Amino acid sequence: MKLYEFAPTRSIRARWTLQELGVEFEAVTVNLVLGEHRRPEFLKINPAGKLPVLVDGDTVLTESIAIVTYLAEKYPEKKLIPTELPQKAQAYRWLLFAATELEQPLWRITRHTNLYPEAKRLPADVVLAREDFLFNVNYFGRSH
Ligand SMILES: N[C@@H](CCC(=O)N[C@@H](CS)C(=O)NCC(=O)O)C(=O)O
């Protein structure tokens, strides 16, 4: 099994899962700072030019949440994810909640404070994203 990764990015989700499962894997560093993710050899593996990518035999998987669930379900004996459907659904629920409701407002804040060129930053969206994030954290606090 091969993991294309670069820390600290979403690829740590895949690495963490592999390590929790105790699965041997080959780590391939793709240095985003040096632009290695735009090289033709990496674009052949993921045309989107993004990390992480897991290669397991003929399976080439992108999207960190898909990788995490694939790994957890590949090794049911490790009990990282429930096998009963209602409990498994709750695990999916919180994985997706984290990746959409929590991660997205945090990204909006990061983009509009650091990533976008200054002329494209929207301070008003930082305020809205903060509100969204706090609302979602509050919901999480009341839901489990
Ligand atoms: N939804 C994807 C996002 C993948 C993603 O955006 N990865 C970032 C690192 S965290 C990346 O490779 N960015 C390079 C780029 O956008 O050029 C996932 O969860 O895997």
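Colleague: How many bridges join β1 to β2, and do the two run parallel or antiparallel?

Modeller: Good place to start! Strands of a sheet pair through backbone hydrogen bonds, either parallel or antiparallel. Here 4 bridges join β1 to β2, and these strands run parallel. Two strands count as paired if DSSP finds at least two bridges between them. The names come from DSSP runs, numbered from the N terminus: helices are H or I with at least four residues, and strands are E with at least two. In one of the pairs, Lys 2 has Glu 26 in β2 as its bridge partner.

Colleague: Before we go on, what kind of model is this?

Modeller: It is a predicted model: local features need pLDDT of at least 70, side-chain atom pairs count only at pLDDT 80 or more, and totals for chains, interfaces and linings use all residues. Residues are numbered from 1 along each chain as its sequence is written.

Colleague: In what order do the strands of the sheet stand?

Modeller: The order is β2-β1-β3-β4, in an open sheet of 4 strands with mixed pairing. β2 (26–29) and β4 (59–62) are at the edges, each with a single partner strand, so one side of each has no neighbour in the sheet. From one strand to the next, the twist averages 20 degrees.

Colleague: Which way do β3 and β4 run?

Modeller: They run antiparallel, with 4 bridges joining β3 (residues 53–56) to β4. Look for Val 53, which stands opposite Thr 62 in β4.

Colleague: Where does helix α1 lie?

Modeller: To read an angle like this one, take axes as lines fitted to C-alpha atoms, for helices over the stretch in contact, with angles from 0 to 180 degrees between N-to-C directions. Contact means that the C-beta atoms of two residues, placed from the backbone, lie within 7 Å. Helix α1 (residues 11–21) lies across β1 (2–5) and β3, and runs at about 150 degrees to β1. Together, β1, α1 and β2 make a right-handed β-α-β unit. Right-handed means that, with the strands pointing away from the viewer, the path from the first strand over the helix to the second runs clockwise.

Colleague: Which peptide bonds are cis?

Modeller: Two to find on your screen: the bond from Ala 7 to Pro 8 is cis, with omega near 0 degrees, and so is the bond from Leu 51 to Pro 52. Pro 8 is in the loop between β1 and α1, while Pro 52 is in the loop between α2 (40–43) and β3.

Colleague: What surrounds the ligand?

Modeller: A residue is near a molecule if its C-beta atom, placed from the backbone, lies within 6 Å of it. The residues around the ligand include Thr 9, Arg 10, His 37, Pro 52 and Glu 63.

Colleague: What is the phi of Glu 63?

Modeller: Its phi is positive, about 75 degrees, although Glu 63 is not a glycine. Glu 63 is in the loop between β4 and α3 (64–74).

Colleague: Does Asn 31 count as buried or exposed?

Modeller: A residue is buried if 20 or more other C-beta atoms lie within 10 Å of its own, exposed if 12 or fewer, and partly exposed in between, with C-beta atoms placed from the backbone. Asn 31 has 9 such neighbours, so Asn 31 counts as exposed. Glu 63, with 17, is partly exposed. Leaving aside neighbours within four places in sequence, Asn 31 is in contact with Phe 6 and Glu 36.
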